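Subject: Structure handover

Hi,

Here is the structure for you to look through. Please open it first, then read my notes below.

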Amino acid sequence: MTNLKRLNMPEDEMPREKLLKYGADKLSTAELIAILLRTGTHSCNVLELATKLLKDNGGLHGLCKLSAAELKTEDGIKNAKATTLAAVLELGLRIARIHNGEERESWQDKLKFYADRMGYLDREEIYALFLDKQEKVVGEETISYGGLNGAFLDMPLLFRRAVRVNSHSVIVMHNHPNGVLAASPEDNELTEFIRKGLKTLEIKFKGHYVTAHGKILLIS
């Protein structure tokens with residue numbers, strides 16, 4: 001630890017001290033990340049490490065795409081730093097679910113939350129929301145983790161989950177990592193397949209949505 005490169009600046013301008021003196025909103029993104037990292041490496045101090053991490057990954061937006069395992073592949077980032085960063089980034093995404101001190105419960109707000117979250121993904125995923133008769137969210141599930149070019153919907157999982165939580169209706173949403181906010185022929189086919197399956201279970205299909213770059217489109 002004694003051989004790690006240290007910050008060469010007045011003590012009251014170091015990230016932690018600066019935060020205490022001026023407030024977190026006065027720090028740059030690199031300074032905030034430096035506080036989480038705590039230490040640098042032999043070749044760069046903690047602020048340089050934070051700046052490099054942002055630069056190499058396209059800024060904060062790119063950093064949000066990285067899992068803890070991916071963070072560990074970055075120079076100077078091991079288990080402790082990777083898990084701390086991953087946890088804080090996840091907390092930041094979950095904060096989007098809070099409104100007026102309470103978690104958002106409307107399905108519209110849930111859709112917006114997932115649209116914002118999916119905006120950071122470079123792979124396709126499918127989420128389902130399960131609603132009661134009052135259209136409150138009683139359950140949510142990741143139905144599929146897909147690849148770069150698509151995702152396979154685990155239909156039995158969707159139907160089992162819908163029955164288990166006694167759903168009155170179901171909403172499905174998936175993302176288009178390529179940024180195209182339009183339904184593909186496959187999306188339309190999937191919509192009809194889900195509709196028919198839920199109808200057999202006497203569960204209402206409230207809609208299939210696609211999202212890209214935070215925007216949302218109702219397929220049907």
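Valine 210 has leucine 217 as its bridge partner in strand 7. This is a predicted model. Strand 6 covers residues 204-212, and strand 7 covers residues 215-218. The two run antiparallel, joined by four bridges.

Now look at the turn. Two residues lie between the strands of this hairpin. Histidine 213 sits there, in the loop between strand 6 and strand 7. Its phi is positive, near 55°, and histidine 213 is not a glycine. Is histidine 213 buried or exposed? Histidine 213 counts as exposed, because its relative accessibility is 64% and the cut-off for exposed is over 50%.

Arginine 38 is another non-glycine residue with a positive phi, near 75°. Find arginine 38 in the loop between helix 2 (29-37) and helix 3 (46-56). Arginine 38 is exposed too, with a relative accessible area of 60%.

Next, the largest pocket. What is its volume? The volume is about 500 Å³. The lining has 22 residues. Nearest the centre of the pocket are Cys64, Lys65, Leu66, Ser67 and Leu121. Several elements give two or more residues to this lining: helix 5 (68-71), helix 6 (79-95), helix 7 (107-118), strand 3 (125-131) and strand 4 (137-145). Helix 6 gives the largest share, five residues. Sorted by class, the lining has twelve nonpolar, eight charged and two polar residues.

Best wishes

Conventions
Residues numbered from 1 in each chain as written. Predicted model: local features only at pLDDT ≥ 70, side-chain atom pairs only at ≥ 80, totals over all residues. Heavy atoms only, no water. 1 Å grid on protein atoms, 1.4 Å probe; cavity = no way out; pocket = protein on both sides within 12 Å on 5 of 7 lines; lining within 4 Å. Points joined across faces, edges and corners; volume = space filled by probe spheres on them. Nonpolar A, V, L, I, M, F, W, Y, C, P; charged D, E, K, R; others polar. Pairing = 2+ DSSP bridges. Buried < 20%, exposed > 50% of the residue type's maximum accessible area, 1.4 Å probe, protein only.
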